[in-house]
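Visitor: I would like to go through this model and ask what stands behind each label. Please set every value against its definition.

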Amino acid sequence: MNASLQFLSDLSQCAQQRNHRFIVQLEGDISWCSGLLNQFLKRNHQLRSLKLGGQAIEGAETHNHKAGSRYLGMEFDCLIYDDSEGIDANSLTAATGALVGGGLLFLILSERESHFGQWLQVHLRRAQQAKQCFRLSQFGLLPELPVDSVANTTKPAFSDQQEAITAIQKVVTGHRKRPLVISADRGRGKSTALGLASARLMNNRSIHILVTAPARKAVNPVFLHARAHLDHVLHHTASHISTEHASLSFISPDELLKDLPECDLLIVDEASAIPIPMLKAMVGRYHRMVFSTTVHGYEGCGRGFTLKFTRWLDEHRPGWRLTQLTQPIRWQMNDPLEQWVFDTFLLNAELNSQGTSVTQTETRFSYIDKRSLLTTEWLRECFALLVNAHYQTSPNDLVHILQDPCVHLFVSLKDDGTCIGCMLVTVEGGVEPPLAAEIMSGKRRPKGHLVAGTIACQLGFKEGVLQTGLRIMRIAVHPDYQQKKIGSWMLNQLRMQKNLPFDYIATSFGVTIDLLNFWCKNGFSPVRLGANRDQASGTHSLLMIDRNIHQGWVEECYSGFIDDFSGLLNDAFSDLEPELTVAILSASAQYFTRLKRRQTELVQKYCQGDCLYESVYSYSRELALSLLSGSDNIERQSVLVIVAKLLQSRSWQEVATLFGLSGRKQAEQQLRNQLHQLLKFTV
């Protein structure tokens with residue numbers, strides 16, 4: 001052990017000289033690994049050390065193996081990851097962002113037989129060959145230390161940050177409607193720049209700054225750096241700092257768009273992990289904005305931010321600016337650990353330009369078994385597609401694809417074997433009747449049955465868990481082949497495939513109008529809308545079932561949805577976007593009602609201004625539900641006031657504010673006009 005301990009001391013010294021981070025893979029029984037780490041930490045007692053997973057070790061702060069994301073923005077000199085309780089890729093990759101240059105990552109890995117375990121070992125062996133990782137074995141020979149030196153960068157430290165700070169200040173002092181996008185990998189000082197810029201602005205002017213992000217913990221470093229550089233702080237909490245004339249406050253994305261608070265500067269941190277429709281809505285409301293985005297995110301992001309949102313900015317905010325931070329602050333360029341994390345967890349998986357066009361007849365739909373993913377480029381190509389298409393694709397998705405026996409991958413391949421589309425599905429249901437009864441009663445919620453359990457417990461159909469369902473988790477098509485019906489073709493191929501037997505197909509996603517339109521166009525119908533918005537995306541989760549698979553209980557789910565949805569429109573869904581509400585109603589079954597002649601005539605009188613709103617409210621609401629549900633021949637923009645007032649029971653002031661009207665008088669006139677037009681569809 002003395003030789004191993006000396007090796008670690010020498011490697012640590014080498015890492016500090018280079019300002020690089022190395023990986024050490026420990027192989028031996030737990031007592032040997034713990035003993036070696038104990039001695040290393042005692043000899044280097046000044047090191048700030050963090051251990052995730054396994055038994056506590058003296059000298060290291062020890063937490064659950066899933067707790068890594070808590071430490072983003074913090075700094076450690078030594079990181080130990082023990083997978084004896086399981087492996088959480090999001091936690092591990094996030095924690096590496098807290099390991100500073102000169103530090104060591106110790107891996108104690110017991111999982112080797114699973115496909116993900118094999119994937120991990122392959123990439124560790126590659127890292128060993130590249131002198132990025134060093135394997136210390138209880139009974140093996142010591143590895144060789146790296147001998148080559150690393151030249152220091154000639155670029156002045158913090159120069160990128162200073163440029164970013166200046167650019168942020170220019171957003172406040174310059175022209176309106178010229179947002180700034182700051183792009184960087186982890187460890188480039190992005191959060192520091194945001195905090196320092198906020199402090200400088202608050203020290204020099206009266207200003208109210210709002211910061212939003214998918215999670216409050218993501219902006220902890222921003223607040224820490226801001227507070228440290230403020231001249232005078234009157235009050236501070238984890239989410240708010242105030243001085244005599246300025247303030248910095250955190251607000252969640254959904255609260256921001258719901259309440260629309262005033263501010264002088266809006267900072268959107270981790271913008272690539274927020275759905276693009278929400279970002280567009282922010283740009284429409286706030287005219288001095290800074291977007292901060294991580295290029296290769298640990299928590300999950302979509303490269304779609306770069307491709308789609310910046311193109312949208314080109315059109316709607318042509319004066320926008322991009323600032324990129326490339327120089328690492330916490331470690332030196334070409335860091336061994338960063339390269340290993342990027343390669344192993346596919347954070348650097350990039351789309352290749354396809355160039356040539358292709359038709360459906362020139363592609364084939366294939367089921368890819370997990371073993372094949374270990375020996376081909378398909379996994380990297382698919383992950384690049386998923387990261388580009390889905391804002392919440394994360395390293396844990398890689399683990400699920402390789403490790404979860406219920407998760408399966410289908411791909412759309414060109415004749416030359418290039419992947420242009422992929423689909424992730426998971427098998428749910430198919431449980432025994434006793435377990436099905438416990439799920440129906442809400443006593444059990446077994447993992448891996450998200451849709452099936454919801455159908456059984458919340459909708460009351462035991463078939464959801466007794467039968468076998470395929471839940472489509474993700475579907476993605478290469479941007480060069482979008483709008484060519486490749487996605488629709490893949491769904492048809494899934495229905496015909498024989499690899500996975502099934503009784504029904506379903507999907508669940510954060511609903512937007514575009515996504516709803518896609519699934520409706522492909523034969524899926526809504527059966528349940530979640531009452532709560534997702535904190536990160538600000539969207540409600542919509543469950544849809546494929547009605548091309550004809551089953552009586554599926555039809556009952558679909559026909560019953562309109563009653564559930566309409567009944568909650570003035571309750572849980574009272575703040576749902578009116579245009580999205582119309583789209584969901586259009587995708588629903590028909591709401592049947594028949595007004596008496598007298599009631600219809602009263603509504604007509606109201607439209608002419610001869611009758612009070614309160615006299616016709618209930619009739620008008622029934623009329624609107626019956627005409628808007630199950631119908632796509634009514635212009636959505638022409639009924640938005642009807643939705644907001646009659647269906648969602650918003651106050652007159654809310655309606656006026658929502659549609660830019662002066663008050664009740666204008667809002668009610670709009671309602672009369674829209675009802676008058678809607679009545680034409682009763683003929």
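Guide: Domain bounds here come from an automatic or database domain assignment. For the chain, that assignment gives domain 1 (3-137), domain 2 (159-325), domain 3 (363-568) and domain 4 (597-680). The centres of domain 3 and domain 4, taken over C-alpha atoms, are separated by 37 Å. Four residues from domain 3 and four residues from domain 4 make up the contact, where contact means heavy atoms within 4.5 Å.

Visitor: What kind of model is this, and how are residues numbered?

Guide: It is a predicted model, in which local features need pLDDT of at least 70, side-chain atom pairs count only at pLDDT 80 or more, and totals for chains, interfaces and linings use all residues. Residues are numbered from 1 along each chain as its sequence is written, and side-chain values use heavy atoms, with hydrogens and water left out.

Visitor: How many helices and strands does the chain have, and what makes a run count as one?

Guide: There are 26 helices and 21 strands. Both are DSSP runs numbered from the N terminus: helices are H or I with at least four residues, strands are E with at least two.

Visitor: Why is the chain called as compact as a globular protein of its length?

Guide: The radius of gyration is taken over C-alpha atoms, and the globule rule is 2.2 Å times the number of residues to the power 0.38. For 683 residues the rule gives 26 Å, and the chain has 28 Å, which is close, so the chain is as compact as a globular protein of that length. Along its principal axes the C-alpha trace spans about 95 × 65 × 55 Å.

Visitor: What share of the contacts comes from residues 24 or more positions apart?

Guide: Such pairs account for 73% of the contacts with a separation of 6 or more.

Visitor: What share of the residues counts as buried, and what makes a residue buried?

Guide: Of the 683 residues, 55% count as buried. The term means under 20% relative accessible area; exposed means over 50%, and partly exposed lies in between (1.4 Å probe, protein chains only).

Visitor: Why is Thr-581 called buried?

Guide: Its relative accessible area is 0%, so Thr-581 is buried. Thr-581 sits in helix α21 (residues 578-587). Leaving aside neighbours within four places in sequence, its contacts are Phe-565, Leu-569, Leu-576, Val-643 and Gln-648.

Visitor: How do you know whether Leu-529 is buried or exposed?

Guide: The value for Leu-529 is 7%, therefore this residue is buried. Leu-529 belongs to strand β20. Beyond four places in sequence, the residues in contact with Leu-529 include Val-511, His-540, Phe-561, Phe-573 and Ile-584.

Visitor: Is Asn-522, in a loop, buried or exposed, and why?

Guide: Asn-522 has 9% relative accessibility and therefore counts as buried. Its loop runs between α19 (513-521) and β20 (524-533). Neighbours within four places in sequence aside, Asn-522 is in contact with Ser-488, Leu-491, Arg-495, Asp-546 and Asn-548.

Visitor: What makes Val-147 exposed?

Guide: Its relative accessibility is 80%, so Val-147 counts as exposed. Val-147 lies in the loop between β6 (133-137) and α5 (159-173). Val-147 and Cys-14 are 133 residues apart along the chain, yet their C-alpha atoms are separated by 8.8 Å.

Visitor: What stands out in the phi of Gln-483?

Guide: Phi of Gln-483 is near 65°, a positive value in a residue other than glycine. Most residues other than glycine have a negative phi. Gln-483 is in the loop between β18 (468-477) and α18 (486-496). With a relative accessible area of 80%, Gln-483 is exposed.

Visitor: And what is the phi of Ser-649?

Guide: Ser-649 has a positive phi of about 55° although it is not a glycine. Its loop lies between α24 (640-647) and α25 (652-658). The relative accessible area of Ser-649 is 37%, so this residue is partly exposed.
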